[in-house]
Amino acid sequence: MGGRESYPSDLPDEAWELIRPVITAWKAKHPSVSGHAGQYAMREIVNAILYQARTGCQWRYLPHDLPPRSAVYYYFAKWRDDGTAETIHDLLRWQAREMRKRHEDPTAVVLDSQTVRASANAPKDTTGLDPGKKSPGRKRGIATDVLGLIIAVVVVAASVHDNAIGIALLDKVAATAPTVTKGWVDAGFKQAVVEHGADLGIGIEIVQREPGARGFTPEPKRWVVEQTFGTLMLHRRLVRDYETLPASSVAMIHWSMTDVMLRRLTRTATPTWRDAPQASRSGR
């Protein structure tokens, strides 16, 4: 890392080795126009993306000891547009499933959506008002396996109905994980999603909330997707939708989940942003 002091979000050596082959192969196919290897180490570019995901800072507020924002955003956008970010994510998901003694591809998924406020730089035609939650912004739809690992992501205006989100997610699931034959959704998804799932060979079950339940109550089968949304919120860039393009929002979700899976695969704890207790710092 060029002798700089490390950040908690930096990739440990073993984590970098898991994604280095993909990044190295990509770089070999995309040499600099001037012919040189590039001024910035690819590991530092990834560290900068993960730093932003964890801290939620703006591009221009990246620390000076990381590569400049122009270089970091260049690679972020390139990897977003050519699918490299998703490829890295999916390769790690397969490894994470194998570590849990599962087949590479799942047979069941859980779908859900989350409404978040969008920043002022988000174009109006990509945002809207969620009529149910009375909240403006965007909606994130995700499909996870039963381990809570992401299979598909969509980001749309908050005004888009969950039915449209569910249909889009199922199309992505069918394309990327054709082994899926079962899915669970909450009551926000309607019969149109069930019917579309049937057309794709995926049996969709609507999980109803227990009668009389108040506040947050984990629902059978569906709790894993709620847990995934909670885990993603540890990455402050996702607390709101700060991205101008919905595609960038999807990419940031993939990078954040990549960070989570790398920590799990290397059995390194996700660093907390809370200060250590006084007794721990003093050695008592």
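Visitor: Which residues have the most contacts inside the largest nonpolar core?
Guide: The largest nonpolar core has 52 residues, and those with the most contacts inside it are Leu-11, Ile-19, Ile-45, Val-46, Trp-79 and Trp-255. Such a core is a set of buried Ala, Val, Leu, Ile, Met, Phe, Trp, Tyr and Cys residues joined through side-chain atoms within 4.5 Å, where buried means under 20% relative accessible area, exposed over 50% and partly exposed in between, with a 1.4 Å probe and protein chains only. This is a predicted model, in which local features need pLDDT of at least 70 and side-chain atom pairs count only at pLDDT 80 or more, while totals for chains, interfaces and linings use all residues. Residues are numbered from 1 along each chain as its sequence is written, and side-chain values use heavy atoms, leaving out hydrogens and water.

Visitor: New topic: at what angle do H7 and H8 pack?
Guide: Helix H7 (residues 223–232) and helix H8 (residues 246–265) pack at about 95°, with their axes 10 Å apart. Axes are lines fitted to C-alpha atoms, for helices over the stretch in contact, and angles run from 0 to 180 degrees between N-to-C directions. H7 and H8 are therefore roughly perpendicular to each other, since angles of 65 to 115 degrees count as roughly perpendicular, under 35 as roughly parallel, over 145 as roughly antiparallel and the rest as oblique.

Visitor: Which residues meet there?
Guide: Thr-228, Thr-231 and Leu-232 of H7 meet Ile-253, Ser-256, Met-257 and Val-260 of H8.

Visitor: How do H5 and H6 cross?
Guide: The axes of helix H5 (residues 162–176) and helix H6 (residues 191–199) come within 8 Å and cross at roughly 15°, which makes H5 roughly parallel to H6.

Visitor: What about the loops, where is Lys-134?
Guide: Lys-134 sits in the loop between strand S2 (128–130) and strand S3 (135–144), and its phi is near 55°, a positive value in a residue other than glycine. Most residues other than glycine have a negative phi.

Visitor: Is Lys-134 buried or exposed?
Guide: Lys-134 is exposed, with a relative accessible area of 64%.

Key: Helices (H or I, at least four residues) and strands (E, at least two) are DSSP runs, numbered from the N terminus. Contact means heavy atoms within 4.5 Å.
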